[in-house]
Amino acid sequence: DHLSLQRDPRFRFILLTSALLCFLSYSVSVSVGGMRSSTTMAAASIRPSVAAAGSAAYSASSGSGSGSGGYSTTHTSGSRGRNAASGGGGSASGTQAALHMLPLYLRRIVKWRQMDLEYTAWLMLQLCTNPKLAYRHTTYHKQTHNQWARDDPAFVVICSALVSFSATAYCIAFGYSVWHSLLTVLSAVVVDFLLLGVAIGTAGWLLSNKYLRASVPGGHAHAVEQHVEWLYAFDVHCNAYFPLFLLLHVLQYFLLPLLLSGGFIGCLVSNALYAVALAYYHYVTFLGYNALPFLEHTELFLYPIGVLALLAPLSLLSGFNPSVFVLRVYFGSS
C-alpha cells in the first residue's frame, strides 16, 4: 500500500496552498517591518533597567564586602555566575512561581488585544535566522520583568493557529472527511503541540533544576537562589518547535509529490529534511537553556544531534522514508 493524494484535489490543493503562502508572506512582512521598532523600543526600555541593576550590584557588593570579601551575587547578561543553591528548594519555588503565573497567562489567551503580535512575529523570524539574538532578549526580559518566561501567550496562540492550518491542508490533500479532518486538527494542536510540549518542557524543567544548576563557589550564604521556571522550559520547547514546524509541516507539504514518489531521491530528501529539522530543534533547545547564567553543562541538550548523525545514514541505507511513515500513521494507506 502506498499513500496517495486525493484523486483530483487540484483546485482545493492550489487554493489552500495559495492561502498558506499569503499568510506566511504577511507574517514575514509584518515581522520585518516591525523588527527595527521592536528592537529600538526594547533597547530603550532596557537601558534604565541595566543601569539600575548595575547600581544594585555595586551596593550589594559594597555592603557584603566586609563580611564576605566583596563577593557579588548579582548576575549580568554576559556573565556565567553560578548562584544556584543546592537542594530541593529551587524546584519547590519554581513550582510555586509557575502556579502563580499560569492563571494570568491563561486569562491573557482570550484577550487578543493584549498580545504583542508584532514582537512575536519578529521573534519567530529570529528563531529561524538568528536564534542567539532571540535568546538575548530573554536576558532583557529577566531584567525588565524579573522572570525568564514570557508572560505573553501570543507565541503559543499563533503556533496553535498555524498547526491547525497545516493539519487542515493535509486533510484536504489526502481527501479526509469533515469529521475526520476535525479530529485530526484537534489531535495535531492539543496532543502533538500542546500536550507533547508540556511533557517535553516538564522533562527539561526537572532535568535542568535537578542536575544542571551550578553550586555557589564556596557555598556563599548570601547567594540568591536561581531556578528554571516551568513556563520558561515550555517557552524553550515552543521556540524550538516553530522552525521544526516550518520544515516538517510547511516545506514537507509542498514536497509531498517528491517525498511520496517511492524512489531513492524521495527517501534521501525525506531523511535529510527530518534530520535537519530535529537537529535544529535540539540546537535551539540548547540555546534556550544555555542562556540561563546559573546552569552548567547545558551541552547535554546537544547530544541527540550526535545520535541523529548516526541514525540518518542507517535510515537512508535501509530505505526508510520518515515522511511516508509519519503520514501513514496520521492518514493511513490507500
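N209 is a buried residue, because its relative accessible area is 3%, and buried here means under 20% relative accessible area, with exposed meaning over 50% and partly exposed in between (1.4 Å probe, protein chains only). N209 lies in helix 6. Helices (H or I, at least four residues) and strands (E, at least two) are DSSP runs, numbered from the N terminus. Between the C-alpha atoms of N209 and E229, which are 20 residues apart along the chain, the separation is 8.9 Å.

Colleagues, please note that this is a predicted model, in which local features need pLDDT of at least 70, side-chain atom pairs count only at pLDDT 80 or more, and totals for chains, interfaces and linings use all residues. Residues are numbered from 1 along each chain as its sequence is written, and side-chain values use heavy atoms, with hydrogens and water left out.

Let me turn to the overall fold. The protein has 11 helices and 0 strands. Along the sequence, the pattern accordingly reads α-α-α-α-α-α-α-α-α-α-α. Of the 334 residues in the protein, 41% are buried.

I continue with the interior. In soluble globular proteins, nonpolar side chains tend to be buried together. A nonpolar core is taken as a set of buried Ala, Val, Leu, Ile, Met, Phe, Trp, Tyr and Cys residues joined through side-chain atoms within 4.5 Å. The largest such core has 50 residues, of which Y135, F155, V228, Y232, Y289, L292 and L295 touch the most other members. Two or more residues of this core come from each of helix 3 (117-129), helix 4, helix 5, helix 6, helix 7 and helix 9. Which helix gives the most to this core? Helix 7 does, with 14 residues. Apart from this core lies another, of 11 residues, among them Y170, L260, V324 and F331.

L256 counts as buried because its relative accessible area is 1%. Although L256 and Y170 are 86 residues apart along the chain, their C-alpha atoms are separated by 9.9 Å.

The next topic is the aromatic rings. The structure holds 14 aromatic pairs. Rings of Phe, Tyr and Trp (its six-membered ring) pair if their centres lie within 6.5 Å; planes under 30 degrees apart count as stacked, over 60 as edge-to-face and the rest as tilted. One of the pairs is formed by F193 and Y241, which is tilted, at 5.0 Å centre to centre and 40° between the planes. This pair links distant parts of the chain, with F193 in helix 6 and Y241 in helix 7 (residues 230-254), 48 residues apart. Both F193 and Y241 are buried.

A further pair, Y289 with F301, is stacked, at 4.4 Å centre to centre and 5° between the planes. Y289 belongs to helix 9 (residues 264-290) and F301 to the loop between helix 9 and helix 10 (303-317), so this pair ties together parts that are 12 residues apart in sequence. Y289 is buried at a relative accessible area of 2%, and F301 also counts as buried, at 11% relative accessibility. That loop between helix 9 and helix 10 is also the place of H297, whose phi is near 60°, a positive value in a residue other than glycine. Elsewhere, ring pairs link Y170, F174, Y176, Y253, F254, Y330 and F331 into a cluster.

I come now to charge. Side chains of opposite charge can pair when their charged atoms come close. How many salt bridges does a search of the whole structure find? The search finds 1 salt bridge, defined as a side-chain nitrogen of Lys or Arg within 4 Å of a carboxyl oxygen of Asp or Glu. It joins the side chains of D235 and R150 (3.6 Å, N to O). Since D235 lies in helix 7 and R150 in the loop between helix 4 (131-145) and helix 5 (154-173), the pair ties together parts that are 85 residues apart in sequence. D235 is buried, with a relative accessible area of 3%, and R150 counts as buried at 14% relative accessibility.

Finally, the surface. W179, in helix 6 (residues 178-212), is exposed, because its relative accessible area is 55%.
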